[in-house]
Amino acid sequence: MRIEEDIKLDFKDVLIRPKRSTLKSRAEVDLEREYVFKHSHQSWRGIPIIAANMDHTGTSAMAKALTQHSLLTALSKFMTEKNWIDLKETTPSALNFVMISAGTQKEDLKSLENILKIFPIPFICLDVANGYSQIFLDIVKRTRELFPEKTILAGNVVTGEMTEELLISGADIVKIGIGPGSVCTTRKKTGVGYPQLSAIIECADAAHGLKGQVCSDGGCVVPGDLAKAFAAGADFVMLGGMLGGHDECEGELIEIEGKSYKRFYGMSSKEAMMKHRGGVAEYRSSEGKSVNLPHRGPVSETILDILGGLRSTCTYVGAQKLKELSKRTTFLRVTQQLNESFERYNNF
């Protein structure tokens, strides 16, 4: 046993220091980025925000909506062939902005092969809660062998050395985050985790040295958290809870005391495992929770709010392009983020 004494930081622990800027308007800020990926050698241009591959947010309807804003969607691995056909027929352009998801089960890889034979999807998302297992590294290597031209996003991990291992094994982008998600209870159940801001900083440094990229996954509650993630070195940011509860999300509307809600749960929750696996295996526990999110209507308004916040961040530090944000950022350690005097009152 050993203890690391240096302080690790989360989004709530810092603010971004403003700097002199020559930008006249938020409209001058370019949020699109262009990448050529390490192994696939494919190029992609767009706004590097990804809807999480949870069955609630990783839907074809979400992909259709986010494509209009040049954002990505990691589609749930529980998408049916009918869903894929509908997406191709109604919004063929969306196929350039989606990821097909898979885990480590044999049936996952088989499903991956079957779908990619039919649909020209450029991205593969290999997603497990614990990216530190040897079997996961083997899956990444096998997937790279099978699909050399596909861009692979793999995770989750939170340390530099494992980020490097995944990149060497064939990943193009490494997904960063253990336990920060809004419906994740991994830290509560296992005591394992890493403050998200420090995880991004350390993993981005490791990845960029190998010409790879990182994706921050989890922990964003408000648009300012996305700004901090990008400022810390994240190349992509994945969102679950911030995109939850919208029309494009899976789930029927629930009426409770005259108000509308949608069900939202972690993919390692008891509810998810009951739905997709028939129950929780005896050798494991649930590491997610279920909540009712207020119905929020179409997702476009939320996306515009997020993008507006990012543009505003860039004007505060003089970054005309999103890719300049990390170079122009100085983080300040703080003990308080917000004035919450009226948090108990309704917001209008």
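Q: Let's start with T91. Where does T91 lie?
A: T91 is in the loop between α2 (81–90) and β6 (98–102). Helices here are DSSP runs of H or I with at least four residues, strands are runs of E with at least two, and both are numbered from the N terminus. This is a predicted model: local features need pLDDT of at least 70, side-chain atom pairs count only at pLDDT 80 or more, and totals for chains, interfaces and linings use all residues. Residues are numbered from 1 along each chain as its sequence is written, and side-chain values use heavy atoms, with hydrogens and water left out.

Q: Is T91 buried or exposed?
A: T91 counts as buried, because its relative accessibility is 17%. Buried means under 20% relative accessible area, exposed means over 50%, and partly exposed is in between (1.4 Å probe, protein chains only). The areas come from the Shrake-Rupley method.

Q: What does the T91 side chain make a polar contact with?
A: The side chain of T90, at 3.5 Å. A polar contact is a pair of N or O atoms within 3.5 Å; within protein, one must be able to donate a hydrogen and the other to accept it, and residues adjacent in sequence count only if both atoms are side-chain atoms.

Q: Switching to salt bridges. How many does the structure hold?
A: 14. The rule is a side-chain nitrogen of Lys or Arg within 4 Å of a carboxyl oxygen of Asp or Glu.

Q: Which residue does K8 meet at 2.9 Å?
A: E202, in a side-chain salt bridge (N to O). That pair links distant parts of the chain: K8 is in the segment before β1 (14–16), E202 is in helix α7 (residues 196–209), and they are 194 residues apart.

Q: And what forms a salt bridge with E4?
A: K8 again, with the closest N and O atoms 4.0 Å apart. E4 is partly exposed at 47% relative accessible area. K8 is partly exposed at 22%, and E202 is partly exposed at 28%.

Q: What about D172? Which residue is its salt-bridge partner?
A: R144, with the closest N and O atoms 2.6 Å apart. D172 lies in the loop between α5 and β9 (173–176) and R144 in helix α4 (residues 134–146), so the pair ties together parts that are 28 residues apart in sequence.

Q: Are those two buried or exposed?
A: D172 is buried at 0% relative accessible area. R144 is buried at 11%.

Q: Now the surface. Which residues form the negative patch?
A: E161, E164, E165 and D205. Patch residues have over 30% relative accessible area and no salt bridge; like charges are joined within 9 Å. Asp and Glu count as negative, while His and the chain ends are not counted. The place of a charge is CG of Asp or CD of Glu.

Q: Which helix gives the most to it?
A: Helix α5 (residues 160–169), with 3 residues. E164 sits in that helix and is partly exposed, at 32% relative accessible area.

Q: Last topic: strands. Where is I50 found?
A: In strand β4 (residues 49–51). I50 is buried, at 0% relative accessible area. I50 and I16 are 34 residues apart in sequence and 23 Å apart in space, C-alpha to C-alpha.

Q: And S260, which strand is that in?
A: Strand β13 (residues 259–265). S260 counts as partly exposed, at 26% relative accessibility. Its C-alpha is 8.9 Å from that of R296, 36 residues apart along the chain.

Technical notes:
Patches are made of residues with over 30% relative accessible area and no salt bridge: like charges are joined within 9 Å, nonpolar side chains (Val, Leu, Ile, Met, Phe, Trp, Tyr) within 5 Å. Accessible areas come from the Shrake-Rupley method with a 1.4 Å probe; for residues, only the protein chains shown count as cover.
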